[in-house]
Amino acid sequence: MALLIDPRSVLVQNSLGYSYYLDGQWSEAERTYQRAIDYDASYQPLWRNYGLLLARMERYEEALSAFEQIGNRAQASNDVGYICLVEGKLDVAEQFFRSAIEQSPAHYAAAWENLNRIQQVRRIRRLGAGQPRRLRCCGSGSRGDRGNCALMTVSDSGGLASRRTHPPSCDGLPL
């Protein structure tokens, strides 16, 4: 309905593109995002969703360019790396995190934290196959800081099977 009311709305096009993305219709999602960019390239959520799509399509340089529309190269590298981490592509993720650190060594703690996550997933992989393991993770490393915390379930393949915020019972300890 919104598309009929305002077909040139970047908000509508972004939402439609994300719906296509979630449905696995990546080519249609890409066309929709590109159309939205033609309408209004200043809408930041559009660039984030487009970068996500491109990274999932393993078009990493294009994904970096999309993420750079809303942040610097170090942030873009970290974002692409995180998508690779979630998909279990640890070697590729590590390259992007290291690139983010090289570009901003003193100021990019998120990339260091993500490198640590890669090491955690690799340790779990070495433990052997079995049931997915639930991990406690605190993004800030401080007790009780649930704003940055998440429970991660790591699949046997080493990818993150799920991620959600900590329940109230969590002690907020890092892995």
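Helix H6 (residues 73-86) and helix H7 (residues 90-103) pack at an angle of about 165°, and their axes lie 8 Å apart. That makes H6 roughly antiparallel to H7, a label for angles over 145 degrees. Angles under 35 degrees count as roughly parallel, 65 to 115 as roughly perpendicular, and the rest as oblique. Axes here are lines fitted to C-alpha atoms, for helices over the stretch in contact, and angles run from 0 to 180 degrees between N-to-C directions. Helices are DSSP runs of H or I with at least four residues, numbered from the N terminus.

This is a predicted model: local features need pLDDT of at least 70, side-chain atom pairs count only at pLDDT 80 or more, and totals for chains, interfaces and linings use all residues. Residues are numbered from 1 along each chain as its sequence is written, and side-chain values use heavy atoms, with hydrogens and water left out.

**Two helix pairs**

The crossing of H6 and H7 is left-handed: the near helix is turned anticlockwise from the far one by less than a right angle. H6 brings Arg73, Val80 and Leu85, among others, to this contact, and H7 brings residues including Leu90, Ala93 and Phe97. Contact means heavy atoms within 4.5 Å. By class, the residues of this contact are 11 nonpolar, 5 polar and 1 charged. Ala, Val, Leu, Ile, Met, Phe, Trp, Tyr, Cys and Pro count as nonpolar; Asp, Glu, Lys and Arg as charged; the others, Gly among them, as polar.

H4 and H6 pack at about 50°, with axes 10 Å apart. They are therefore oblique to each other. Their crossing is right-handed, the clockwise case. Arg48, Leu52, Ala55 and Arg56 of H4 meet Asp79, Val80 and Ile83 of H6. This contact has 4 nonpolar, no polar and 3 charged residues.

**The core**

Which residues touch the most other members of the largest nonpolar core? They are Tyr33, Tyr50, Val80, Phe97 and Ile118, out of 35 residues. Such a core is a set of buried Ala, Val, Leu, Ile, Met, Phe, Trp, Tyr and Cys residues joined through side-chain atoms within 4.5 Å. Helix H2 (10-22), helix H3 (26-39), helix H4 (44-56), helix H5 (60-68), H6, H7 and helix H8 (109-127) each supply at least two of its residues. The largest share, 7 residues, comes from H4. In soluble globular proteins, nonpolar side chains tend to be buried together.

Leaving aside neighbours within four places in sequence, Ile118 is in contact with Leu85, Leu90, Ala93, Glu94 and Phe97.

Buried means under 20% relative accessible area, exposed over 50%, and partly exposed in between (1.4 Å probe, protein chains only).

| Residue | Relative accessibility | Class |
|---|---|---|
| Arg122 | 17% | buried |
| Glu58 | 47% | partly exposed |
| Glu68 | 29% | partly exposed |

Arg122 is found in helix H8. Not counting residues up to four places away in sequence, Arg122 touches Leu90, Asp91 and Glu94.

Glu58 sits in the loop between H4 and H5. Its phi is positive, about 60°, although Glu58 is not a glycine. Most residues other than glycine have a negative phi.

Glu68 is found in helix H5. Glu68 touches Arg73 and Ala76, not counting residues up to four places away in sequence. Glu68 and Trp47 are 21 residues apart in sequence and 8.6 Å apart in space, C-alpha to C-alpha.
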